[in-house]
Amino acid sequence: MSRLVAPLALIALLLAVWEIACRLWQVPVYFLPPPSAVVVSLVERAPILAGSALQTFRMALQALAVAALLGGGLALAVSISRTAEHAVRPLAVALQVTPIVAIAPLVLIWAGLDHADRAVVALAAAVAFFPIFSGVLTGLKSADPDLERLFDLYGASRVQRLIRLRIPAALPFALEGLRVASGLAVIGAVVAEFVSGSGATQGLAWRLLESGNRLRTADMLAALICLMAMGLALSGVVGLVERRVRAYLS
Amino acid sequence: MAVADVIAALTGAVVRYADRAAIGPLNLSVAPGEIVAVVGASGAGKSTALRLLAGLERPSEGQAITTAPGRTAFVFQSPTLMPWADAQTNVALPLELSGTPKDEARALAAAALASVGLGERLTARPRQLSGGMAMRASLARALVTQPDLLLLDEPFAALDSVTRRHLIEDLHSLWAGRSPRPAIVFVTHDIEEAVYLAGRTVVLDAVSGQVAMARPTPGDIPRQAGWRGDPDYRETVETLAAALAHAMPDRVA
């Protein structure tokens, strides 16, 4: 019970201090609006925010699917051959360490300026790729070495070994990668939308930019709260699936 | 010993490692249907000897031969069951990997589990089994292919002594119940367990990695009740214990 009550109490306290401070010192609303103003904005702009949240959510989800297919598939392919792994890993790491903001303008050009949403999905997928690739690859190698020896002893084929031993052993790692990737996909989608910038996509990041340009700080904070809630929901759902699968597998 | 009487043998087998001392040269031959116990301190190369006999590792020098390729089974120190599969699926695995149709493999797996007293636990997951039961399932998985050579690497080390004694009796009766009898090589660090279990006990020297002593054990297998009190048994245990103490790495102390 206290695990739920304690953080809620802290949040309530912080909000109260914030509200009181804003009123006491008469802080300008463009600088820091009181929480009550943010709530008003949330309620008034609910339809717009919901539409934008849906768009960002859809793009992040698509990116996650693309990253899972590419990352998982490539890890599977690479796990079969050590040479392939040596060849691919530096490229995967290079992709991981390249700042997404830096490649965003390029990807926008490639996707075509009329298809900014595709660029957003591609960029979000690029950041979500690495944790999935890395998780699946680690997982495929995580099987008990004695079980691997058992498969050697009975002359298992590569396909048998993959299906009956390595893939089940890899699943928890893959799902953990997916959980990390789901957070990164949201970040990637937001960054890409910032860079594309002109309302070509109308996700939550665009709402943030738009409100910021108009100095409507309460609206910015409302969009930010939606973004936070969305990120939490996404990683919560993936985390739940991960725990279920982990419990089933062990 | 004539070639026909050997099911597996190591001849001057040496295994070199990049990061630790080499093991061997090892000389060990196993006759069909015999039970051999291999004792020695940690690092003496007991597990390596088993992996060589199984063909899971190649010697850097010398020879490891087996006349039972594909007829060899291995039981590891831990049960090494697949945690995501039930007992029956785990035990059916060796058969399915070597191409036995699924229904037949599952039926044979059920029979193998019944032979180790787990006939009622076919659908249990490994985590639902006690340590002793998991080890029985592991034994069933090794026996399901009707191997001619059964290699066991300290399989009962993690179990309590009562469970361990039960499993040794079970192993004896499973061995005696098969025709022809499988050869068993059993690695342990417990001399009494070795002498009770095996028809012959081999002591590996921890320093040189070579065979320090090999000695047949008197008496019939399965053992008579109270055989642990037999003077022959005691004398063999004491002799081998002295050889093992001499073969320990810290024997100077």
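Modeller: Let us begin with the domains. Chain B is divided into domain 1 (3–71 + 147–246) and domain 2 (82–146), with bounds that come from an automatic or database domain assignment. This is a predicted model, in which local features need pLDDT of at least 70 and side-chain atom pairs count only at pLDDT 80 or more, while totals for chains, interfaces and linings use all residues. Residues are numbered from 1 along each chain as its sequence is written, and chains are lettered from A and ligands numbered from 1 in the order in which they are written.

Colleague: How many residues of domain 1 of chain B are in contact with domain 2 of chain B?

Modeller: The C-alpha centres of these domains of chain B lie 25 Å apart. Contact requires C-beta atoms, placed from the backbone, to lie within 7 Å; 10 residues of domain 1 of chain B touch 9 residues of domain 2 of chain B. Helix H5 (residues 161–177) of chain B gives the most to the domain 1 side, with 4 residues. That side divides into 8 nonpolar, 1 polar and 1 charged. Here Ala, Val, Leu, Ile, Met, Phe, Trp, Tyr, Cys and Pro count as nonpolar, Asp, Glu, Lys and Arg as charged, and the others, Gly among them, as polar.

Colleague: What makes the pairing of the open sheet in chain B mixed or otherwise, and which are its edge strands?

Modeller: Strands pair through backbone hydrogen bonds, either parallel or antiparallel. DSSP must find at least two bridges between two strands for them to count as paired. In chain B, 6 strands follow the order S5-S6-S7-S3-S8-S9, and their pairing is mixed. Strand S5 (72–75) and strand S9 (211–216) of chain B are the edges, since each pairs on one side only. Neighbouring strands are turned by 15° against each other on average, direction ignored.

Colleague: How do you know that S8(B) and S9(B) pair?

Modeller: Strand S8 (residues 200–204) of chain B joins S9(B) over 5 bridges, in the antiparallel sense. B:Thr201 stands opposite B:Arg215 in S9(B). Helix H7 (residues 231–246) of chain B lies across strand S3 (35–39), S8 and S9 of chain B, and runs at about 175° to S9(B).

Colleague: Which elements make up chain A?

Modeller: Chain A has 10 helices and 0 strands. Such elements are DSSP runs numbered from the N terminus: helices (H or I) of at least four residues, strands (E) of at least two.

Colleague: Why are H5(A) and H8(A) called oblique?

Modeller: Helix H5 (residues 100–111) and helix H8 (residues 158–196) of chain A pack at about 60°, with their axes 9 Å apart. Axes are lines fitted to C-alpha atoms, for helices over the stretch in contact, and angles run from 0 to 180 degrees between N-to-C directions. Angles under 35 degrees count as roughly parallel, over 145 as roughly antiparallel, 65 to 115 as roughly perpendicular and the rest as oblique. The two helices are therefore oblique to each other. Among the residues meeting there are A:Leu108 in H5(A) and A:Gly188 in H8(A). By class, this contact has 8 nonpolar, 2 polar and no charged residues.

Colleague: Which element gives the largest share of the side of chain A that touches chain B?

Modeller: The contact takes 15 residues from chain A and 13 from chain B. H7(A) supplies the largest share of the chain A side, 7 residues. That side divides into 8 nonpolar, 3 polar and 4 charged.

Key:
Contact = placed C-beta atoms within 7 Å.
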